[in-house]
Amino acid sequence: MGYNVTKMENVFALDIGGSKIVLALVSPEGKILRIEKEKLPPFYGVEVVKETIRKLHHLFPNENVSSIGSTVPALADHKKGIWLYSPFNKIRDFPLGDFLTEEFSVPSFVDNDVNACAIGEKRFGACQKEDDFLWVTVSNGIGGALFLKGELYRGKNGNAGEIGHMRMDFSSDAPFCGCGHQGCLEATSSGRGISARYATLTGKQLEANEIASLARQGEEKAKEAVAYSATLLGRAISYVVNLLNLPLVILGGGVSQSFDLLKPYLLKEIRQGVWQEAAPKVVLKTTSLGYYAATVGAATLALEGIKK
Ligand SMILES: [Zn+2]
């Protein structure tokens with residue numbers, strides 16, 4: 001990784017999500033100094049992204065920054081700064097890096113949001129002393145990123161770690177995934193997956209956080225939906241741990257805020273699924289970067305000048 005050690009100025013961190021964009025001013029120590037947000041409409045397109053970024057930029061009129069890092073909720077070409085593809089709004093091949101460099105007049109760095117979270121966790125969070133770990137975002141979708149030997153492992157096409165598309169439910173009525181396959185982890189265990197399971201059990205359409213509160217109150221069907229989703233998540237994690245002998249797994253994303261509910265199922269699957277002789281002490285934690293993990297990740301892209 002290219003460390004930008006000569007200039008220790010603040011950076012801009014842009015976190016583009018499924019429903020909002022965050023622009024933050026972040027110090028070289030990873031501290032968020034100021035943060036602004038704008039909502040995005042569902043199925044937003046490129047023009048809305050550009051307009052929203054310009055609007056946010058106007059809120060920071062005179063900042064001196066060395067660079068800008070941006071996360072995208074999409075497959076990304078981090079070398080060229082391109083937003084390759086996001087299934088939920090069909091944005092394809094958007095040269096976000098070029099747009100950012102022009103808009104902010106500084107070098108720009110773009111990467112997938114989950115990769116950025118893992119990079120941020122390694123530099124500023126719970127993984128500073130750990131070279132091998134899996135980062136899993138559980139929100140409306142499920143994404144994963146792998147750190148191996150102290151570096152983000154990208155794979156042949158830059159898309160390693162896609163744990164969300166491991167097929168976990170092989171029953172004929174398993175939910176379909178946005179990728180077109182049936183029974184993917186993203187379809188069974190994301191926030192949407194929990195909602196879909198609950199709807200199948202009760203006929204009622206609720207958000208994952210509402211189902212989590214019902215489960216905390218002891219509602220049987222809500223507990224059943226959580227158990228189904230968390231068990232398959234834990235099982236998928238156990239497969240990855242067995243394959244790579246990882247000592248640490250970090251969970252982030254909105255659903256991880258219900259870690260108290262998921263944890264017993266996750267730990268049970270890890271205990272039952274991981275070969276204990278090979279990996280006796282797997283640690284499972286939630287991100288230490290909190291709600292703004294992706295924002296800190298975006299800043300880290302800029303601070304480290306990551307294009308490798
Ligand atoms: Zn899938």
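Student: Is the crossing of H1 and H2 left-handed or right-handed?

Tutor: This is a predicted model; local features need pLDDT of at least 70, side-chain atom pairs count only at pLDDT 80 or more, and totals for chains, interfaces and linings use all residues. Residues are numbered from 1 along each chain as its sequence is written. A crossing is left-handed if the near helix is turned anticlockwise from the far one by less than a right angle, and right-handed if clockwise. The crossing of H1 and H2 is right-handed.

Student: How are H1 and H2 oriented to each other?

Tutor: Helices are DSSP runs (H or I, at least four residues), numbered from the N terminus. The axes of H1 (residues 46–58) and H2 (residues 96–104), lines fitted to C-alpha atoms over the stretch in contact, come within 11 Å and cross at roughly 30 degrees. Angles run from 0 to 180 degrees between N-to-C directions. Under 35 degrees counts as roughly parallel, so H1 and H2 are roughly parallel.

Student: Which residues of H2 does H1 meet?

Tutor: Contact needs C-beta atoms, placed from the backbone, within 7 Å. On the H1 side are Lys 50, Ile 53, Arg 54 and His 57. They meet Phe 99, Glu 103 and Phe 104.

Student: Where do the buried residues of H6 fall, seen down its axis?

Tutor: Buried means 20 or more other C-beta atoms within 10 Å of a residue's own. In H6 (residues 208–216) these are Ala 208, Ile 211, Ala 212, Leu 214 and Ala 215. The arc takes directions from the helix axis to the C-beta atoms. The buried residues line one face, because they fall within an arc of 160 degrees.

Methods. Helices (H or I, at least four residues) and strands (E, at least two) are DSSP runs, numbered from the N terminus. Angles under 35 degrees count as roughly parallel, over 145 as roughly antiparallel, 65 to 115 as roughly perpendicular and the rest as oblique. Two residues are in contact if their C-beta atoms, placed from the backbone, lie within 7 Å. A residue is buried if 20 or more other C-beta atoms lie within 10 Å of its own, exposed if 12 or fewer, and partly exposed in between; C-beta atoms are placed from the backbone.
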